[in-house]
Amino acid sequence: MKEFKVRIVGVDCPTCVYSIRRNLSRVKGFRKLDVDVTTGDAVIVFDENVRGLREVYRAIRDAGYDVFKENIEVYADFEPEEVSAIEDRILRLKGVLDVDTSSNTGLLRVRINPLETSRSELFKELGKLGISIRDFRKAIRPEGERRKLLMRLVAFILGLSAIVYSMSSMFIAGAEVNIYLLLLTALSVLLLSYSIIIRGYKALLNRTPTMDSLISISSTMSFLFGLALTAEIIPHEHLAHNHVQTSSFFEASAGILGFVSFGRYLEERLRYRALKHLKELEKVTYGKARLVIGGDVKEVDVNEVSVNDVVEVKSGDRVPVDGVVIDGWGYVDESAFTGEAKPVLKKGDLRDYVLAGSILLNGYIKVRATRVKEDTVIAHIAESAKEAQLHKPEIQRVADRVVGLLTWVVIALALITSLMWYLFTRNLSLSLLFAASVLAVTCPCPLGIAIPMVTSVGVLKASMKGILVRRGDVFERVVLADTVIFDKTGTLTFGHPQVRKVTVFNGSEGSLMNYVCSVEKRSEHKIANAIVDYCNGNGFNTELNPTNVEFFPGLGLIGDVDGYNVAVGNVELMKRLGIEVSEEVLKLVDKVGNSGGTPILISLNGTIVGLIEVVDNLREEAREVVESIKKMGVKVGIASGDVEANVTRVAKELNMDFSEAGLRPEDKADLISRMRMNGRKVIFVGDGVNDAIAIGSSFVGVAAGKSTDIAKNAGDVVLVSNNLRGLKQLFNLSHKVRKRSLENLAWAFIYNGLLIPVAAGLLYPHYGIMLKPEWAAFSMVLSDISVILNSLRLTIEDTSK
């Protein structure tokens, strides 16, 4: 038996323990759970077959509780085909609860149980596993990049020279190849490519072979066999075939590593270009700022700026913090957030808001910081972009498992190829040459990066368009979705309602609105803000001190003011409070709804005394977006807390398939749950704060809100630009991401399926066609690079149509 000690967060009664135990009982190998409900400390007993705590951790979270943990982020050097094996090995370490990886950036996010391990212990164990940790900021542009480029270029030139020199006798009559010169060249290439060889054999010893392992075996095997022939350890009768000479093995060894070294460098450059936007976002948080202290200006690191500090921004500078302009004016480029390059005028006398990462194109401003460091919007976008890469689409998880098996299959296939050719020809040289070709030609890397590379480019492409994607599987989900439900206020409409008219049934408008606005001032709802603005504009008193204010989400609010019980809300609120609504008032409510307004009833001491008519115009892009989604075969509807007449009118105007009115936030979530139970895959688009429940229960949650609200917005996707065309672009981008992903996977399978048999000598007996190891390696490099180039096509494709 194995015992795990954890501290469960949120446990305070025996019922909690029962709920957790019931969930844990579904985990294979579970035997016993003991919990101290006063501290949350627990001992969980499993049988010896349980490898780690991931299933335990997830079972406890699924029960509605959490585990006391520490999140650790590190960057490591590993190949895409190692992802599945690395995750498996880390999960077996003592105290590791869960781990997520990104094969593109090398990000490892490890959740550990501090009761069983520590950060230092984790790093020590990662080192024992051969996982090399690095700093991401250095990884953006490694200090040794020039040296690495030089080594790889020299290896490529020497490898190519070895191939050309060994073929010289074919073009120059009487030319002889100096075998010792080739030996020295091949040895030089081996030494220049030592990092590939060491990494390849280390992965093989860890029983997680990668593409580097295949290349290392192929190149060193070719070199050693050539050395054995040169030293006459192996008889020369094995060179009887026309295509095989001693030089063939030295040129193969040098050519394989030469092509792979240069191909690896090109691949890294292309990956850097693909992820450049993410790295630019990261750089913003590590820059400098000019801090204003009294009458002096001091240049400091961005991380030294605190809330309420004042920073100076000059023309051409990047704004270092989120804050309010308190002095000066200037035109600011906010395209990093909105996707639109149109400059926006910011003035100090208007106290305009600016965001870290935006660029002051011209002018001069002083900004008082309101959010700094990791609290800025740009930091949240960068964090979400990284987070998205850790959520793998299901198809990628399958590809990761296939890649892990493919390398073993190829090693076995190379052995079989060598054995079969030797049995049929008794020619050791020929059989080893074909085996080396099989190892060199196989390219598991495209399978490993086919999906994550496209996903990463898609996430970053979306962020440049003002669409914040928080999960890497969003694109896959959007393509599978068959229903889109919109909230109305602030989503299909501008979200800036205005009071069109106030109807008073009893008393004067001034005294009545004094009570109403004093209560509404306590609310942050958009309609409440519209009512307060109306009162301020008409000189009504909003400073009365209400008591016992109580909010009813989706209905309204109540409170006591100067001895009056004030209720402001819809018809449903009045009914729940037991307030009678006359037929005349109901007719007026319907009339307001039919005219496109939202009727808000006012009650004093249990009697309806007035009605406020609030209007909010439809967004100009709403019709275009709804039509484009419907053309994709997706059903579109509206779910709103507004009155039925108003909701029906909007649904009809936008030609929607269905509408639901008078819904509270929890009612919207219930509607989505019912539809999901009927097999529908629902995308809900709404306010990231007020519609958080509905967004959280949907197949894909999309929050349409201002960029300044990112930190508090729920949702898998946030439309930072607050423009519904972002949803249309999300659909188009998702389909393009899927198309590129399938193209990459298809190419990877077709390439391996066609060239592995050729490398194994299928065409040699009848046609004399042999794919030598060096050219097999060249083919492999081209395959690898083609996948990345195909992924990069997303960056230039138009997603607006």
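Helices are DSSP runs of H or I with at least four residues, strands are runs of E with at least two, and both are numbered from the N terminus. This is a predicted model, where local features need pLDDT of at least 70, side-chain atom pairs count only at pLDDT 80 or more, and totals for chains, interfaces and linings use all residues. Residues are numbered from 1 along each chain as its sequence is written, and side-chain values use heavy atoms, with hydrogens and water left out.

Q: How do you know that the span of helix α21 agrees with its 12 residues?
A: The expected span is 1.5 Å times one less than the number of residues. For residues 526–537 that gives 16 Å, and the end C-alpha atoms are 16 Å apart, so the two agree.

Q: What makes Cys535 count as buried or exposed?
A: Buried means under 20% relative accessible area, exposed over 50%, and partly exposed in between (1.4 Å probe, protein chains only). Cys535 has 0% relative accessibility, so Cys535 counts as buried. Cys517, at 0%, is therefore buried too.

Q: Why is the link of Cys517 and Cys535 called a disulfide?
A: The label needs a pair of cysteine sulfur atoms within 2.5 Å. Here the S to S distance is 1.6 Å, so the pair qualifies. Cys517 sits in helix α20 and Cys535 in helix α21, 18 residues apart. The link is right-handed, with 50° about the S-S bond.
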